[in-house]
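Trainee: I would like a close look at a single part of this model. Please take it step by step.

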Amino acid sequence: MPDIFVEQKVVFMHNPKCGSRNLRAISKQIRQQNPCQYIGALNDNQLLVVDRRKRERILKNVLEKPVSKELDYTWEHCSVKGIYKLFERVNIDPEGFRFVYVIRHPQDRLVSGYRYDLKRNHIAQDTTFSEYIFHNDTIPGAMPLNTHPIERFSEGLDGNQYLDHVVRLEDFEQGMRGVLTTLGFDTEDIHFDAWRHSSADFQLPISLQYSEKELNFMSTLWAEDMRIGEYELKSDYVL
């Protein structure tokens with residue numbers, strides 16, 4: 001689940017394979033330096049809630065029945081719709097909240113997701129990269145990247161997009177430092193590379209390349225991410 005700073009009216013959205021663990025580490029540093037009212041997930045249907053008096057408590061079994069992942073506000077990568085559902089539940093006025101996102105070049109993001117899922121045996125080892133590109137949202141155990149184009153991820157219950165601040169992962173420290181400063185956070189003692197957890201050491205048996213069919217699919221699905229990030233798909237991309 002994203003990190004919600006209630007007093008500052010700021011939400012760090014956790015876009016899958018776009019540095020979510022680093023966002024969580026930054027959030028922890030902010031709360032250690034300046035304890036504040038906060039809500040974040042511990043996954044497994046649990047929420048960490050810090051109230052106005054800075055008292056911490058853990059809410060367990062917060063979801064009474066299964067919901068779709070985009071609305072599951074204990075899931076790390078839930079959408080803005082899920083956050084607004086949480087606001088309704090805990091009686092937080094959503095007016096004035098600012099949402100912060102990190103995006104990544106779609107080709108790098110898909111390779112990262114594929115490596116991540118293979119390394120941890122989340123998906124069958126014979127799953128091809130092409131299958132992953134087209135169907136990661138339906139392959140059992142896979143990171144559902146195809147459900148997270150930025151325009152869908154940022155859409156609220158009212159159908160509007162809440163895209164207040166967007167940082168490219170490729171410019172993470174500079175971008176996040178600027179956004180946090182704009183939002184009123186003190187960044188002097190923040191470590192922006194506090195979490196390093198990569199699957200880059202996972203050796204794939206073959207080089208990964210993108211076919212023309214795959215590039216056409218991606219150019220449609222990830223069009224808004226590429227526009228905002230000023231990314232271009234590379235026909236000669238080889239890993």
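Trainee: Which residues lie nearest the centre of the second largest pocket, and how many residues line this pocket?

Mentor: Bear in mind that the model is predicted. The second largest pocket has a lining of 14 residues. Those nearest its centre are Gln37, Ile39, Val49, Val90 and Ile92. The space in this pocket comes to about 240 Å³. Strands S3 (38-43), S4 (46-50) and S5 (56-60) each give at least two residues to the lining. By class, the lining residues of the second largest pocket are eight nonpolar, two polar and four charged.

One is helix H7, residues 212-221, whose buried residues are Glu214, Leu215, Met218 and Leu221. Viewed down the axis of H7, these buried residues fall within an arc of 130°, so they line one face of the helix. The general rule is that an α-helix has 3.6 residues a turn, so residues three or four places apart point the same way. The buried residues of H7 pack against helices H3 (106-119), H4 (129-135), H5 (150-153) and H8 (223-229). On the face of H7 turned away from its buried side are the exposed residues Glu212, Lys213 and Thr220.

The other is His14, in the loop between strand S2 (10-12) and helix H1 (20-33). His14 has a relative accessible area of 0%, which means that it is buried. The side chains of His14 and Glu76 are joined by a polar contact of 3.4 Å. Leaving aside residues up to four places away in sequence, the residues that His14 touches include Met1, Leu23, Arg24, His77 and Phe153.

Key: Residues are numbered from 1 along each chain as its sequence is written. This is a predicted model: local features need pLDDT of at least 70, side-chain atom pairs count only at pLDDT 80 or more; totals for chains, interfaces and linings use all residues. Side-chain values use heavy atoms; hydrogens and water are left out. Helices (H or I, at least four residues) and strands (E, at least two) are DSSP runs, numbered from the N terminus. Buried means under 20% relative accessible area, exposed over 50%, partly exposed in between (1.4 Å probe, protein chains only). A polar contact is a pair of N or O atoms within 3.5 Å; within protein, one must be able to donate a hydrogen and the other to accept it, and residues adjacent in sequence count only if both atoms are side-chain atoms. Contact means heavy atoms within 4.5 Å. The arc is that of the directions from the helix axis to the C-beta atoms. On a 1 Å grid over the protein atoms alone, a cavity is a set of points where a 1.4 Å probe fits but cannot get out, and a pocket is an open set with protein on both sides within 12 Å along at least five of seven lines; lining residues have an atom within 4 Å of a point. Grid points are joined across faces, edges and corners, and a volume is the space filled by probe spheres set on the points. Ala, Val, Leu, Ile, Met, Phe, Trp, Tyr, Cys and Pro count as nonpolar, Asp, Glu, Lys and Arg as charged, and the others, Gly among them, as polar.
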